[in-house]
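Trainee: Please take one part of this model and go through it closely. I would like to start with the salt bridges: how many are there over all chains?

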Amino acid sequence: MADPLMLWISALLVVVMWAAALSALLLKSHLAAVVSTSLLSLGLSLLFVLLRAPDVALTEGVVGAGLSSLILALALIRLGLVGGSPREREVLSETVGDKPVTERGSQQ
Amino acid sequence: MSREHRSMAWTPLLFSGGLAFMLFSLFMAVPFGEPLMRVGGMIQQTDGELGAANLVTAVVLGYRALDTLGELAILFAASTSVGLILTGVKQRTVSVECEELGELFEQASTLLLPLLIMVGFYIITHGHLTPGGGFQGGVIIAVALFLPTLAGRGAALLNHRLIQQVEGGAGALFILLGVAALLQGESFLQPWLPVGEIGALFSAGTLPLLYLAVGIKVGAELAALLTHLSTNVPSPEVPR
Amino acid sequence: MSTEWLPLVVALPLLVAFLLQPLAHWLGVRAERPSPVLYGLSLMTIAATLWITLQLGSDVIAQPLSVTMGGFNTPVGINLYLDGLAYLLLLATQLALLLLWPAGAAVRTHVLLLVLAASSMGLALSGDLFNLYVFYELLAVATFGLIAASPGRAAPLVSFRYLLLSGMGSVLALSGIALIYSHSGSLNLADLSMLAASGEGSLPIAAFLLILVGFGVKAELFAVNSWVPEVYSVTSSRFAALLAGVVSKLAVVMIVRILLLLFPQPEATDPLLLLGILGLVSGELAAWRSNDFRRMLAYSSIGQLGMIFIAFSLSLELGLFAGLALSFHHMVVKPGLFLLLQQPLSRWRVVLLILFALSLVGVPPLPGFWAKLALLTGLVEVGGWLNGVAAVTFLVATVVEAGYLFRIVQRYYQEERPIAGSTSSTVAAVESPWGWEGGVALMLGGVLLAVTLTINPVTEQLQQIALQSGDRERLISTITVSEVE
Amino acid sequence: MTLAIILYTGAIGLLVIGLAGVVMSSHLFRMLLGLVIAEAGANLLLILAGYRWGGAAPIWQAGQFPTTMVDPVPQAMVLTAIVIGVGVQALAIALLIRHRHYSGTLQRTGGLNQLQADLDREAGVRHTRSSDAPTLNPLTEVEHVH
């Protein structure tokens with residue numbers, strides 16, 4: 001019944017999505033985690049195309065891979081989990097106040 | 001402490017495994033690829049009574065328009081909450097710091113902005129014909145409006161007041177289109193205006209208008225949200 | 001007024017919410033500042049929905065009504081269903097909002113409260129599974145924003161933890177909906193109910209479990225209620241009263257409605273009973289152990305909702321009546337108690353406190369007694385060992401409840417000083433100094449006494465509503481009739 | 001059949017990996033990512049519920065609607081769910097920014113201890129005073145830790 005090509009592509013996509021999901025949770029770098037989530041959305045979007053859901057695929061591509069990644073990337077900067085410039089991190093950590101900042105991203 | 005943590009980690013894993021097994025056996029019990037389509041079939045049989053060539057649009061804006069209204073409200077509530085949470089002294093804008101890269105971004109944003117907005121509106125206005133529609137187009141417009149901010153040119157384009165008015169107006173338009181049907185003696189959110197010919201740009205009655213409202217609202221809301229997330233550093237003084 | 005106007009109850013608050021911020025700009029009010037005009041406008045909006053409800057709902061107990069959205073027949077379109085239960089919930093929501101609306105709030109808070117209002121009414125009315133999910137999420141998002149806007153350093157983390165828990169719940173509920181949809185191809189509650197009764201698309205109990213856990217987050221169900229003590233201790237008294245009084249009941253009633261309509265199998269009620277018992281035990285014990293008033297009330301609320309879940313898990317007529325009685329009783333008493341936290345307890349406030357406490361424990365002439373009695377007789381009548389366990393737990397819990405509630409009163413008389421939790425200056429600063437909270441609490445006390453005096457007619461009415469909301473034939477026929485029109 | 005197994009494994013796997021990620025992560029940002037992953041899984045589940053063998057997309061083509069098409073209703077639901085998801089996600093980020101601003105940490109346990117202490121202070125619980133309180137009170141211990 002199933003087109004063998006579709007079978008292989010979806011198997012590949014599922015593997016990619018699983019790998020992206022696991023690396024989003026397990027990788028040390030927060031930036032890499034966000035990139036993985038974006039990759040997951042991309043894979044999901046392709047899978048939606050295979051499943052004859054072009055509307056959903058477009059939405060997942062635009063919202064999941066695009067907007068959501070943008071939001072998460074902004075969050076990385078604002079939360080001081082990744083660069084900006086070193087000066088920027090300083091500014092952000094200054095606003096934190098007297099408490100020691102324990103989270104300074106993966107580089108340290 | 002750490003040993004305790006490690007032993008505790010097994011409980012969630014066990015639960016996850018159980019959940020996965022349960023879900024898997026439940027979903028495998030349903031024949032795959034042969035949906036019942038009780039409601040879907042009824043929609044198919046109406047043969048485009050709403051005049052939308054894209055049946056997903058017909059569902060989103062016609063049959064299940066109340067869901068879409070709720071969804072708009074959710075985005076609205078989220079962006080309002082973000083504004084409420086991050087209100088405070090405006091500080092530096094998060095932007096691309098590296099100078100050359102900034103230059104690149106600036107150039108790109110100048111070029112991309114009109115193009116992206118055009119693409120966004122194209123997707124919105126063809127939502128009843130082709131895949132895509134208000135949400136997807138709205139997101140593209142939002143990202144386009146946000147580009148200058150990212151390129152470090154500040155929030156020049158994003159006049160908060162204007163955005164709020166556009167956003168509020170578009171949301172009101174969606175509801176008022178529904179209420180207008182009510183005033184004509186029909187149901188709330190019932191599509192009206194002539195259906196036209198399926199596949200034409202001006203067809204499907206009020207659906208394209210609804211999608212336009214959705215697109216503008218989503219675009220304005222998300223643009224506001226993105227600027228909030230990127231600019232306002234919360235005020236240093238902590239309440240109490 | 002035509003019944004077609006019913007959706008305005010949801011749409012009107014949303015419309016005003018959308019337009020409030022532009023209006024504030026136009027009036028020159030800064031978004032962070034309070035504005036009497038916008039406050040008045042918000043109140044008027046809620047009052048308008050109240051008016052619509054009163055216009056339409058005067059005889060829904062005799063004849064429930066269903067309004068289809070967009071003029072599409074029911075399984076295809078979404079419908080709103082107004083029966084006696086939904087009517088009572090609507091009225092309770094509207095009155096609670098009118099009474100507890102914070103006067104000095106910022107524009108954005110008004111906006112979020114309006115969204116909260118719209119979603120609560122949508123939850124009470126919606127007759128479609130996925131639509132319920134959407135309104136549930138809408139309620140959740142508005143709540144997160146309002147919690148996070150509370151003063152104090154803890155609020156953002158509390159709200160974030162609530163968001164994660166609620167988000168996990170939504171994911172589970174969504175997969176439950178996917179399961180139901182793949183088994184039936186429909187989302188309309190009446191349609192699904194018909195399918196479930198005819199055995200055509202017998203829905204798996206597991207789908208109910210997923211939805212139960214998912215929507216149970218808001219209903220303070222056991223194991224997904226870790227947010228309760230945290231949230232109730234950071235928010236203002238008014239908002240805590242709103243959450244504990246109305247919002248949790250809406251979630252409970254939604255779950256019960258799904259249970260009654262879609263899952264007639266007896267096995268479906270067992271998990272509800274079990275989780276109810278666990279909630280009752282854990283809630284009351286934690287309340288006994290905590291020594292600040294606010295968290296004590298929060299835990300007590302978990303226990304009370306456990307009790308309500310036990311009641312709803314009983315067989316139809318008995319359980320529904322007991323559950324509804326307990327729900328509405330809790331809806332009056334718990335906000336009253338939360339509102340009394342406001343200022344140091346003066347002597348008349350203590351009298352009121354004792355009144356609420358007595359009713360919560362279930363001392364004879366007060367309504368709480370009759371509600372609890374209904375539950376107990378129900379448990380005994382239905383029998384079975386698990387119900388026996390529930391009955392014993394319930395009795396013990398009542399004693400524990402009496403213990404901690406009277407510890408509060410006792411401490412007041414012994415130490416002559418405010419109880420921990422009542423002095424929270426973060427909260428007092430936001431709210432009006434002239435004791436509106438006290439007034440509302442007094443009013444709730446008055447309601448309690450009035451119900452005590454008219455217990456017979458109230459019981460009869462409630463029994464009728466319980467009968468009606470358990471009547472799946474009625475629901476199906478109501479919605480089919482509206483299909484023809 | 002094989003396709004069904006592959007796809008359902010994918011969807012349920014994502015859902016469960018995500019939920020486990022939320023429960024087990026020690027960092028608040030990763031907890032949020034877990035939620036995003038779980039949502040993706042749930043969305044895929046919904047789409048799978050509406051898939052039809054050999055069905056076309058539910059769009060007017062060549063003058064008619066396809067006779068065999070996939071179910072449009074789950075697609076509409078997933079559209080809604082995706083947008084809801086991104087709204088919640090943005091709100092969560094805002095909460096995290098505010099939280100980090102107040103407490104300086106995004107670690108789960110550190111935040112929790114601080115939270116309990118904050119709640120106690122705001123509730124006006126002073127543990128020296130409550131001599132009549134039952135000693136089982138777990139909150140007392142938190143106070144000592146701080």
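Mentor: A salt bridge here is a side-chain nitrogen of Lys or Arg within 4 Å of a carboxyl oxygen of Asp or Glu. By this rule the count over all chains is eight. The model is a predicted one, and every distance below should be read with that in mind. The general idea is simple: side chains of opposite charge can pair when their charged atoms come close.

The part to look at is the network of salt bridges that links B:R64, B:D67 and C:D128. Take the contact within chain B to begin with. B:R64 and B:D67 form a salt bridge in which the closest N and O atoms are 2.8 Å apart. B:D67 has a relative accessibility of 2%, so it counts as buried. B:R64 is also in the buried class, because its relative accessibility is 5% and the cut-off for buried is under 20%.

B:R38 and C:D191 meet through their side chains in a salt bridge of 2.5 Å, N to O. This pair also crosses between chains: B:R38 belongs to helix 3 of chain B, and C:D191 to helix 7 (residues 189-198) of chain C. The two ends fall into separate accessibility classes. B:R38 is partly exposed because its relative accessible area is 24%, which lies between the limits of 20% and 50%. C:D191, with a relative accessible area of 5%, is buried.

The setting of B:R38 in the chain deserves a check on the backbone. B:M37 lies in the loop between helix 2 (10-28) and helix 3 (38-45) of chain B. The phi angle of B:M37 is near 50 degrees, a positive value in a residue other than glycine. With a relative accessible area of 6%, B:M37 is buried. B:L189 is not a glycine and has a positive phi, near 65 degrees. Its relative accessible area of 4% puts B:L189 in the buried class.

For the background of these chain B residues, chain B has nine helices and zero strands. Of its 240 residues, 57% are buried. Among the chain B residues discussed here, B:R64 and B:D67 are buried, whereas B:R38 is partly exposed.

Technical notes: Residues numbered from 1 in each chain as written. Chains lettered and ligands numbered in written order. Predicted model: local features only at pLDDT ≥ 70, side-chain atom pairs only at ≥ 80, totals over all residues. Heavy atoms only, no water. Helix = DSSP H or I, 4+ residues; strand = E, 2+ residues; numbered from the N terminus. Buried < 20%, exposed > 50% of the residue type's maximum accessible area, 1.4 Å probe, protein only.
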